Amino acid sequence: MPTVWIPKSMQTYTGGEETVEMEGRTVRRLIVALDETYPGLKDALMDGDRLKPGIAVAVNGQVSQLGHLQPLQEDNEVFFVPAIGGG
C-alpha cells in the first residue's frame, strides 16, 4: 500500500498525521481514497479534475509529469508538494 506524506499545511485533515498508508493504483484514485478517510483533503489538493495550481506530486522522490494520472505501485512513497512563495 503506498505511503503518503501529507504536507504540514494539510495535516489538519489527517488529525496531525504526517504519513498515512492508502490504496490507489493512480494518484487520482489515491486522492479519492484519502478524501473518503480524511474529508476535505481532495478539495485541498484538486481543482475539479486537476491538481490545484501550486501543488506538485512526487513519487519516490521524483516529481511526476503525469500529475494525478501517475500510476502507483504498492511500495511507492507519494509526496504532495505545495509551492513555496516568497521573494
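Where is the place of S64? In this predicted model, S64 sits in the loop between β6 and β7.

View 1. Is S64 buried or exposed? S64 counts as buried because its relative accessible area is 13%, and the cut-off for buried is under 20%. Leaving out residues up to four places away in sequence, S64 touches V57, A58 and Q70. Look for the side chains of S64 and Q70, which are joined by a polar contact of 2.8 Å.

**View 2. The open sheet.** Follow the five strands in the order β2-β1-β7-β5-β6, and you have traced an open sheet with mixed pairing. At the edges are β2 (19-21) and β6 (62-63), each pairing on one side only. Helix α1 (residues 27-37) packs on this sheet and touches β1, β2, β5 (55-59) and β7 (77-82). The directions of α1 and β7 make an angle of about 80°.

**View 3. Strands β1 and β2.** Here β1 (residues 3-5) and β2 run antiparallel, joined by three bridges.

**View 4. The largest nonpolar core.** This core has 22 residues, and V4, L30, L34, L45 and F80 touch the most other members. Two or more residues each come from α1, α2 (41-45), β5 and β7, with α1 giving the largest share, five residues. Beyond its neighbours within four places in sequence, F80 is in contact with several residues, including V4, W5, L30 and V57.

Notes: Residues are numbered from 1 along each chain as its sequence is written. This is a predicted model: local features need pLDDT of at least 70, side-chain atom pairs count only at pLDDT 80 or more; totals for chains, interfaces and linings use all residues. Side-chain values use heavy atoms; hydrogens and water are left out. Two strands pair if DSSP finds at least two bridges between them. Helices (H or I, at least four residues) and strands (E, at least two) are DSSP runs, numbered from the N terminus. Contact means heavy atoms within 4.5 Å. Axes are lines fitted to C-alpha atoms, for helices over the stretch in contact, and angles run from 0 to 180 degrees between N-to-C directions. A nonpolar core is a set of buried Ala, Val, Leu, Ile, Met, Phe, Trp, Tyr and Cys residues joined through side-chain atoms within 4.5 Å. Buried means under 20% relative accessible area, exposed over 50%, partly exposed in between (1.4 Å probe, protein chains only). A polar contact is a pair of N or O atoms within 3.5 Å; within protein, one must be able to donate a hydrogen and the other to accept it, and residues adjacent in sequence count only if both atoms are side-chain atoms.
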